[in-house]
Structures are given as structure tokens and as C-alpha cells.
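Let's go through this model and ask what stands behind each label. Every answer sets a value against its cut-off.

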Amino acid sequence: MKSKTVIPLFAVAHFSHHLSTGVLSPLLPLLREDMALNYFQAGVLVSALSLSYGFGQLPMALLADRFSERALVVVGLIGTALAAAAVSMTSTYWQMVPCFIALGLLGATYHAPVSSFLSQVVPKGRRGQSLGTHTIGGSASFLVTPVLAVTIASWLGAWRWSFLVLAVPTLVMGVVVWFATREPRRTGQDAAEGEAAAVPSSNPGGGPAQLSPHTVTWKEILAAVGTLALLSIVMQVVLSSVHSYLPLYLVDRHAISPEYAGIVVGLVAGAGVLGAPVGGAISDRLGRKWVILLSLALAGPLLFAALWAPANVLLPLSLAVYGVSVSARMPAMESLIADVVQPEKRATALGIYYLMGQETSGVITPLLGRLIDLGGPESVFVTLAAGVCVVSVVALVFRKRI
């Protein structure tokens, strides 16, 4: 299986995956109007999806390592499409909650198994660039999905149609991936990684980790990537929380239409079309650590800029620049884990990483909604941005110890 064909294939699969899992946020203003929801109730829907999405990461990753990453991804794509279609058929708020839980659990079959799968079919020196290219599919989907979702809802007269129509490509790609791929055969490099530990040696320059000749343990994995993973998770929690409520924030702060707010917010994740491949390629050359730290350092100031930008051309521009910065971290972190962990544990390690980010975000999101109901969105978002700035300063001060 050649990486030059499998990477584009999975980029398209990634695109289709987020057509189903990424449709809630841009439609949240329309759901709020239709069902008269407050911030807390809207947060419960977001958490039903994100908590189950996070909770499912580890068991799905364990299944992938135990059986087949490819098969799990195919089942997940088909199941995700069916769960999204089920959301469209609900008639009450409380019927939607279990449907979003199912959507999250089935959606959890994608990222960790696919990242592990792809890391086995590309050379280590091109992992960052390849995983970044794969991320283009997801980022493009987050950019396009709000436009498609709002347009479909407007044309057909209800937000429910968006969930149903956008589930179709996900279903189709599940079938395509099954017939267009096969189980990866380990190359000599991956076989060596499977037999020897990918434990980094001393590497003050921050470049790719070197391998040591013994089987890696979970304690060694934690020592190698734990601090950077924690910093990355902090950024993920803030991004997820802000992204969940950003359409509502734009409606309330700038009095713009719910449809336009949903489309504009897509620029944050959609900017990964540029940020992810660039961040991945730079991490291949300069080191994973420096890309992650730089992304974290820029996140706080750029979030401030996005929150305070006026409702003109500066608003979408600031959101896009913020999105480029945070998306550069994702392929660098995934590649770092792939560099350190041998193939038979790789999906599990990635699953743990995704679980921690998703579960923390899922718990915090409704609590954040309650704080916004009590104190207003602007003060809460500004506090989050200030917190990211503090974490950034601490990380940069102690960068040599990381």
C-alpha cells in the first residue's frame, strides 16, 4: 500500500467523518432558537457528543490494537453516518441526547486507529507531513461543513435535514475505505519499531526522538511525552470549549445572524488546511517539541485578538490566524507519540491522549455554559484566554526541562 495514495484516501475519509461529527456546533444557534435552549442546555448537547467521543477513544483504540485498525475505521464511518441520521429523526430535546452519545461513541473509532494505521505506512521522516496532510481533510470539513449545514437547513427549512444529508458521504466513504485498502504490512522500519522500544534518547535540540534497543514501557512513554501531551491537552480543552460556544458568542456580542455565525466559526478549524501540514512538515525538520510550544505560546494572544475583533473583515481574519496556530500542534503531537511508541501499542497510546482531551472538554463545556449564563460570555472567554497566556509563559520559561 503506497503512502502517496493512502494518505489522500484517508484525507477524504477524514473530511467525510467530520461532515457527521462536526455539524452540531454550526447548527447550535438554530437548535437554540427551535428548542428555546439556554447556554447550559446547549452545553449538555455538546457534552453528550464530546464526552462519549472521548470515552470511546480508549476502548476503540484497544480494539484496533487487538484486531484491525482498518476494520474498526470502516465500521465507525458507517455507524457514525447512521447515528447522525438518527439525530435528524428526533422530535424532542431529550431524544437528541442519547443520539449524540451514540454519535460520539461511533465517532471515536476514527482518529487513534487511523493515526496508528497511517504511521505504519509512511516513513518516520515524513510522519509529521503525512499526518498533517491527513488533517487537511478534517480541517477542510470543518471549513465547509458550516456552510453546507446552514445552506441545507435554509433550503429545506429545518436543521434536521443537514444531519441527514451530510451523513450520506460518511456512509459512502466507509464502503470505499473497505474496498480500497488492505491491512498494512510492516516495513523494515516499523518491524524494528515493533521489536524495539521507541524511547527517546537525550535530544536537546527538540528533534525527532531516537530509538533505544529495548521494549518500551508505559512509564517510559509517559516520561517521554507526558509534559508535552499535558500542554497539548490544555490547549485542546480551551479550543473545544471556546469553539462550542463561539457561534452563540458571535450572535450575542455582534448581533449577527445565527446562520452567518455558524459559517464564520468554521474558519477556526478550517484553518487547519494550512496550519496542520505546515506544522507537521516543520516538526519533521525542527522537532516536535518546538512546534507544540510555539503553538501554545501564540494561542492566548491570538484568542484575545479573535474575541475583541470588530464584526468586519478583522473578525474572520483573526479567527483564521488563531486556527492556523492551534492546528499546527496536532500533527506534531501525533507524530511525537508515533515516534515514541511501537506499532502494537500506538493506537492505544493515541487513544489515551484523545480520551484525556475529549473527556476534560466534555466535563468543562456544560460548566462553562453555566458560568456564561451567570456572568456573560465575554468575561468567561477573556479569562480562558488569560489562562492560556499564563500556561504559555510557564511552558516557555521551563522549555529546556521539557
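Q: Which residues make the nonpolar surface patch of about 460 Å²?
A: That patch is made by Val390, Val393, Val394, Val397 and Phe398. Patches are made of residues with over 30% relative accessible area and no salt bridge, where like charges are joined within 9 Å and nonpolar side chains (Val, Leu, Ile, Met, Phe, Trp, Tyr) within 5 Å. Accessible areas come from the Shrake-Rupley method with a 1.4 Å probe, and for residues only the protein chains shown count as cover. Keep in mind that this is a predicted model: local features need pLDDT of at least 70, side-chain atom pairs count only at pLDDT 80 or more, and totals for chains, interfaces and linings use all residues. Residues are numbered from 1 along each chain as its sequence is written, and side-chain values use heavy atoms, with hydrogens and water left out.

Q: Why is Val397 called exposed?
A: Val397 has 57% relative accessibility, so it counts as exposed; the cut-offs are under 20% relative accessible area for buried, over 50% for exposed and partly exposed in between (1.4 Å probe, protein chains only). Val397 has its place in helix α18.

Q: Why is the pair of Trp159 and Phe163 called edge-to-face?
A: A search of the whole structure turns up six aromatic pairs. In the pair of Trp159 and Phe163, the ring centres are 5.9 Å apart and the planes stand at 80°, so it is edge-to-face. Here's the rule: rings of Phe, Tyr and Trp (its six-membered ring) pair if their centres lie within 6.5 Å, with planes under 30 degrees apart counted as stacked, over 60 as edge-to-face and the rest as tilted. Together with Phe100, Trp159 and Phe163 form one aromatic cluster.

Q: What makes Trp159 count as buried?
A: Its relative accessibility of 5% does, so Trp159 counts as buried. Phe163 counts as buried too, at 1%.

Q: Why is the pair of Tyr249 and Phe381 called tilted?
A: Their ring centres are 5.1 Å apart and the planes are at 55°, so the pair is tilted. This pair links distant parts of the chain, with Tyr249 in helix α11 (residues 218-254) and Phe381 in helix α18 (residues 377-397), 132 residues apart. Helices (H or I, at least four residues) and strands (E, at least two) are DSSP runs, numbered from the N terminus. Tyr249 and Phe381 are both buried.

Q: How do you know that Arg127 forms a salt bridge with Asp339?
A: The closest N and O atoms of Arg127 and Asp339 are 3.1 Å apart, and a salt bridge takes a side-chain nitrogen of Lys or Arg within 4 Å of a carboxyl oxygen of Asp or Glu. Arg127 lies in helix α8 (residues 127-156) and Asp339 in helix α16 (residues 329-340), so the pair ties together parts that are 212 residues apart in sequence.

Q: Which residues are linked in a network of salt bridges?
A: The network links Arg127, Asp284, Arg288 and Asp339. For Asp284 and Arg288 the closest N and O atoms are 2.7 Å apart, and for Asp339 and Arg288 they are 2.9 Å apart.

Q: Is Asp339 buried or exposed?
A: Asp339 is buried, as its relative accessible area is 0%. Arg288, at 2% relative accessibility, counts as buried as well.
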